[in-house]
Amino acid sequence: MGIVRRYDDTQRPMTNQAQKHKRVLFVDDDPQFLETIERVIRGSSRGHWDVFFADNAGKALSVLSETPIDLVVADVQMPVVDGVQFLRLLHRRFPNLQKVALTGFANESARAACLDAGAELFLEKPRTGAGMESVIATLEELSRWQTEEDGFRGVLRRASLEDVIQMECLSRHSVVLWVEAGELRGEIFIKEGAIVHAQAKDKSGIAAFNYLLSLRGGEFVMQPFAEPPAATMDDSWEMLIMEAARLRDEETSASPSPADGSAETLEADLPSTPVRTAPASPASDPAKAAPARIEEVLICSGEGEVLYEWQCFNTDERVNFLEVISHKSRQLAQGLELGQFDRLELETPQARLIAQVRNDRGILVRLRGPGDEGA
Amino acid sequence: MKGGHFPTLSANDYLIQWLNQRTHLPGVLACGIGFSNKSTASRSYAPGFPTECLDKTWRYVGDMFEVAGLHRFAPHHARWIYERAQLYCVRRTDRILFCAFVALDLKPEDAAAVSALFAEFKGQQLSA
């Protein structure tokens, strides 16, 4: 078997439709299994998959470094770097990559370990042709789900929208930024790193851009570029952002009490912070409200770098736990109107664990209730 | 009614019946059960919570209970707090999960009713 084989089952030239092909990488040290997979995919004529194969983790990583892959399907039992280690590595390096674990020896502990390592699915290796078809259908469904989630959602605060625009302009990207805040919807068109048009409500051009950048909260979605109805802006993006910031600061200092009922006043439409205070858990024992003793604290950056830790028995494991929580918080909100994730609280009869995950940081605190010594 | 046999419900059927009859409370946006055989049952009571998405959600919640156990913290309750709603989850020792998306601005009496609902779910295992 070759080191890495690529099987494009359509041989079609790159068209818009072809660009939507899913690139799937199978990693397994069993050449027979990879050949069977290739045969089944070829036979089933799934014209929208480009399939890559690697027989160990190292070769898989070299494929990933050269080709944007959408989905990795990895065998759990592999020599040298096993599937769980490999998945964990992928989860760190490619957090948005979809990962599926395949195993011939499925059990609960292996399943939990793979999910913990960032796998979306844990599947038993099929032993029959029908089983193989069923696995392929499941993978197809997973990759389709990802298609629906193309682009990304994020919470917009004053600084973060500017950051996103700056990032896109610096990278000379072409995108349309959809901005939504309450009833308001707006769009900012960025073409090859230049802001060319904006529109919001009845405004367009610089007025709309300044208006959108004065929003204090909401959501944005990055969309593929489409030509704007008109090119209304030709100033440099640096100038536009600076001017918007200046106007916003002036407005803030001029109108300290914005809740005047005006539709123009964004503060009247939106909470000042996107996360409201949640009421106590109805499933909780009220006694839990009593003071608790902090037993462990971890603070890390958005990249997983430990910034502060106190009494963590294993910081790497805890950082990984925060990453899993972050990942799961996005997964379980798919298709639901939940807004930004704030935190997860877990309770045992003796203790609580609070994990807050934001784009720029993760915080984990473990508390023990009073009087629960030991354990 | 003549004496004889009542139609018997399986434990899962019984829980689905309970889900249908008891969970439509003020402030409950959607809820569902994740059974130990990985099947799920979902009920949606608010727009923005389509049942086809909820079924996946319960599966991910179940995964998280497993993963937390690996991190030496096996919870019986979990609360996921989002900007617009929070998700309460409880898992019984028979590994059956009950989860409910609840509005953030619950009135005290509604919160008490939701709390009672979770207690009822757990109590059903004790009485089974």
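Author: Strands here are DSSP runs of E with at least two residues, helices are runs of H or I with at least four, and both are numbered from the N terminus. The model is a predicted one, in which local features need pLDDT of at least 70 and side-chain atom pairs count only at pLDDT 80 or more, while totals for chains, interfaces and linings use all residues. Residues are numbered from 1 along each chain as its sequence is written, and chains are lettered from A and ligands numbered from 1 in the order in which they are written.

Reader: How do you know what β16(A) pairs with?

Author: β16(A) is joined to β15(A) by five bridges and to β17(A) by seven bridges, running antiparallel to β17(A). Among the partners, A:Arg343 is bridged to A:Gln356 of β16(A), and A:Arg352 to A:Leu367 of β17(A). β15(A) and β16(A) form a hairpin with three residues between them, and a hairpin through three residues also joins β16(A) to β17(A).

Reader: Why is β16(A) called mostly covered?

Author: Five of the seven residues of β16(A) are buried. A residue is buried if 20 or more other C-beta atoms, placed from the backbone, lie within 10 Å of its own, exposed if 12 or fewer, and partly exposed in between.

Reader: What makes A:Ala230 exposed or buried?

Author: A:Ala230 has 12 other C-beta atoms within 10 Å, and 12 or fewer counts as exposed, so A:Ala230 is exposed. A:Ala230 is found in the loop between β12 (219–224) and α8 (237–254) of chain A. The C-alpha atoms of A:Ala230 and A:Val196, 34 residues apart along the chain, are separated by 8.3 Å.

Reader: How do you know the angle class of α4(A) and α2(B)?

Author: Helix α4 (residues 108–116) of chain A packs with α2(B) at an angle of about 95°, their axes 9 Å apart. Axes are lines fitted to C-alpha atoms, for helices over the stretch in contact, and angles run from 0 to 180 degrees between N-to-C directions. Angles under 35 degrees count as roughly parallel, over 145 as roughly antiparallel, 65 to 115 as roughly perpendicular and the rest as oblique. The value of about 95° therefore makes α4(A) roughly perpendicular to α2(B).

Reader: Which residues of α4(A) make the contact with α2(B)?

Author: A:Ala112, A:Ala113, A:Leu115 and A:Asp116 of α4(A) do so (contact: C-beta atoms, placed from the backbone, within 7 Å).

Definitions and conventions
Pairing = 2+ DSSP bridges. Contact = placed C-beta atoms within 7 Å.
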